[in-house]
Amino acid sequence: MVVLSNRLPVDHVVNSDGSSGWKSSPGGLVTALEPVMRAAEGAWIGWAGVADTEFEPFENDGIEIIPVPLSESEIEQYYEGFSNDTLWPLYHDVIAPPQYHREWWEAYVLVNRRFAEAAARYAATEAVVWVQDYQLQLVPEMLRELRPDLVIGFFDHIPFPPYGIFSQLPWRKQILKGLLGADVIGFQRVADAGNFTRAVRRLYGFTTRGNVVEVIGDDGDVRHVVARTFPISIDVAGYEEIAARPEVQERARQIRHDLGDPKVVMLGVDRLDYTKGIGHRLKAFGELLAENRLQVEDVTLVQVASPSRERVATYMALRDEIELQVGRLNGEFSTISHSAIAYLHHGYPREEMVALYLAADVMLVTALRDGMNLVAKEYVACRADNTGVMVLSEFAGASDELRQAIIVNPHDIAGLKDAIVTAVEMPKREQARRMRALRKTVNGNTVNDWSKSFLDTLTGRAAVPRGIPETLVNALRELASADELLIALDFDGTLAPHVDQPEDARALDSAREAVLRLIRLADTRVAFVSGRALVSLQHVADPPEDVLLTGSHGVELKLDQPDVTLDLLASEIDRLDHVTAILERIAGSAEGAWVERKPAGLALHTRLLSPAAGQSLQRSARSRVRAAEPGLTVREGKNVIEFALRPGNKGDAIAKLREHTGATSVFYAGDDVTDEDAFVALGADDLGMKIGRGRTAAGHRVRGPEEVAEVLALLADFRAGFLQAQKRERAYTGSTPIVTES
Ligand code: GDG
């Protein structure tokens with residue numbers, strides 16, 4: 001596994017005596033990825049934090065560190081310029097005006113390429129590469145070009161803007177193309193993923209279905225890219241542990257004492273950034289003091305504004321502005337013994353941050369726009385005694401989860417003032433009620449859950465729940481009330497367990513039984529959708545009459561009429577013969593491989609070989625057939641590679657079946673990669689169910705054919721129940737149409 005981020009998890013430091021070394025900077029991301037990285041003997045690629053210096057890769061705590069050098073001018077143009085003065089303001093609702101400079105963009109492309117090349121050099125075959133954040137949005141595509149074997153993920157830590165704003169960017173299409181090189185693109189909020197897929201539709205015209213984007217490559221190949229939300233979190237146990245230390249609790253008491261033991265301590269913790277709404281917070285607090293709704297003897301605001309991006313002009317101006325505001329408010333309202341605001345322009349050790357969280361009765365998070373805001377989650381994690389109130393901006397991603405905070409619109413100063421007063425006056429019981437719920441939420445999604453769910457999605461290892469999940473049961477109940485229902489089912493691995501010899505495959509008795517029940521129901525059709533040639537499907541499935549059949553990935557159809565045969569041209573038969581000869585030769589070289597001839601294509605089966613041997617055989621088949629007979633459709637399935645004369649896939653099969661049956665809703669179940677074409681052909685009123693592990697566009701998942709049979713039986717129950725109820729209702733209201741005479 002390889003992680004790429006702008007900064008490495010270690011900083012290069014030069015000591016006062018001239019010696020130098022490495023200091024780890026254990027942020028949340030490092031904590032989250034450390035165990036995974038160690039287990040996978042992972043590598044971390046990033047910049048070491050000093051200009052114009054090359055460092056050799058080295059090992060740190062079981063992780064291979066690969067420094068990428070940046071020159072002084074690249075830091076100015078790629079990092080401070082394009083990343084922090086173009087993308088950052090653009091992606092944060094243009095709170096500050098983004099600067100567009102072509103030379104910054106060129107530096108961004110150049111540095112992204114350097115990162116991609118480093119990853120391409122270090123990643124092992126078929127490694128998982130996880131690219132972090134907005135500084136590296138071009139890396140996924142560049143890396144895919146260099147290393148098509150890699151599995152590539154991208155996580156966007158900051159918001160993704162609505163199209164009206166994103167479209168300002170002169171290089172908007174290049175950025176989207178860069179991101180679409182990933183297999184999975186993660187966002188903080190549902191809204192961010194939605195903004196991204198909308199931009200993809202507008203600028204590339206690609207189809208998006210739910211979380212899946214159908215990316216059409218220059219060669220016409222289709223890739224499915226998952227774009228969805230994975231809300232980031234914190235190392236909850238780590239924060240709890242620090243908060244429980246007696247010396248940290250003592251420090252919290254000391255802080256309150258040093259502040260003059262006010263009744264209420266309010267706290268803000270932010271990088272000094274214009275997105276954090278520090279000015280709005282100060283304005284609201286100042287007005288409350290001016291109006292005597294709060295008294296300086298009772299309430300103190302501690303504001304940690306940690307130094308950030310200090311060489312970027314907008315940040316210099318912001319610092320002046322905030323410090324002027326703090327100075328004025330303190331000048332006006334502080335007394336000798338009580339300061340209105342304790343303003344701290346420093347970075348602190350984590351223990352001190354936790355002591356501050358423990359000392360604070362009210363936490364103010366008033367960001368104008370924020371991807372997530374980890375500070376909000378950290379405050380909650382530290383409040384083990386269920387006291388404390390949080391005022392939280394609706395524009396921070398955290399507000400999607402932390403619903404029991406006092407949610408505010410920070411632009412509405414009057415509303416923000418009321419929220420602060422509500423927080424200051426909130427009774428302890430109400431505080432505890434809310435904090436308990438907040439703590440449950442934060443505990444339910446830790447940073448480990450976040451990285452696990454992202455990586456599981458990326459590697460196709462998403463957990464398969466035991467038993468039929470509740471969400472699936474509900475979806476089946478809803479589906480059962482369709483006007484015209486089509487139940488389309490893959491055969492091998494779905495109705496029938498996988499076996500070594502394809503001709504031995506048989507549907508489970510329980511599955512056959514459920515299918516027989518379903519075909520007897522009114523307005524309900526069942527279809528088998530297979531990659532097998534139709535004759536082979538008929539042989540193994542022995543389908544009951546009335547079951548519709550499609551074989552050879554939708555090329556062959558049998559729809560309520562005698563078999564459809566394919567009329568092949570003589571030239572097509574020649575091509576098939578030619579490819580047969582090539583594949584037979586390849587199969588002959590590996591014991592256990594065999595070739596299946598289909599009416600309009602060929603399949604090379606490798607399931608008896610080891611995965612590595614199978615893959616290498618498939619690769620050589622692919623390249624030799626491509627060279628000898630270009631233009632054939634190539635499909636890779638589980639332990640099989642197929643070459644078809646005519647394009648066609650299970651998605652086309654669904655379209656044809658839908659048209660034939662007039663179905664208003666479709667249920668589709670399948671286990672193979674080729675079933676993904678069917679899943680992406682489903683719409684909002686349909687239901688897709690993946691069998692087993694593996695990356696999928698289906699909304700539901702079960703473990704194996706036994707559970708498929710259970711699901712089909714359940715669907716038959718629900719459908720029969722619905723049809724009965726409908727019949728009773730018709731009988732009651734009278735189903736004969738009323739004809740009015742003219
Ligand atoms: C970006 C996105 C998203 C701050 N000052 C000190 C200090 N901190 C720590 C906090 C917190 C972290 O820095 C800041 O994280 P945030 O999430 O609040 O904000 P950004 O830095 O803007 O982070 C954001 C995040 O990425 C993760 O995806 O949530 O939306 O903008 O952990 O505690 N830590 C120490 N001393 C300080 O002085 N030790």
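Me: In which loop is the place of Asn 373?
Reply: The structure is a predicted model, in which local features need pLDDT of at least 70, side-chain atom pairs count only at pLDDT 80 or more, and totals for chains, interfaces and linings use all residues. Residues are numbered from 1 along each chain as its sequence is written, and side-chain values use heavy atoms, with hydrogens and water left out. Helices (H or I, at least four residues) and strands (E, at least two) are DSSP runs numbered from the N terminus. On that basis, Asn 373 is placed in the loop between strand 16 (362–365) and helix 13 (374–382).

Me: What is the phi of Asn 373, and what is its relative accessible area?
Reply: Most residues other than glycine have a negative phi. Asn 373 has a positive value, near 85°. Buried means under 20% relative accessible area, exposed over 50%, and partly exposed in between (1.4 Å probe, protein chains only). Asn 373 is buried, with a relative accessible area of 6%.

Me: Where does Asn 386 lie, and is Asn 386 buried or exposed?
Reply: Asn 386 also is not a glycine and has a positive phi, of about 60°. Its location is the loop between helix 13 and strand 17 (389–393). With a relative accessible area of 16%, Asn 386 is buried.

Me: Within what arc do the buried residues of helix 18 fall?
Reply: In helix 18 (residues 509–519), the buried residues are Ala 511, Ala 514, Val 515, Leu 518 and Ile 519. The arc is that of the directions from the helix axis to the C-beta atoms. Seen down the axis, these buried residues line one face of helix 18, because they fall within an arc of 130°.

Me: Which exposed residues does the face of helix 18 turned away from its buried side carry?
Reply: This face of helix 18 is the one turned away from the buried side. The exposed residues on it are Asp 509 and Glu 513.

Me: With which side chain does the side chain of Glu 80 make a polar contact?
Reply: Glu 80 lies in helix 2 (residues 72–91) and is buried, with a relative accessible area of 15%. A polar contact is a pair of N or O atoms within 3.5 Å; within protein, one must be able to donate a hydrogen and the other to accept it, and residues adjacent in sequence count only if both atoms are side-chain atoms. At 2.7 Å, the partner of the Glu 80 side chain is that of Arg 311.
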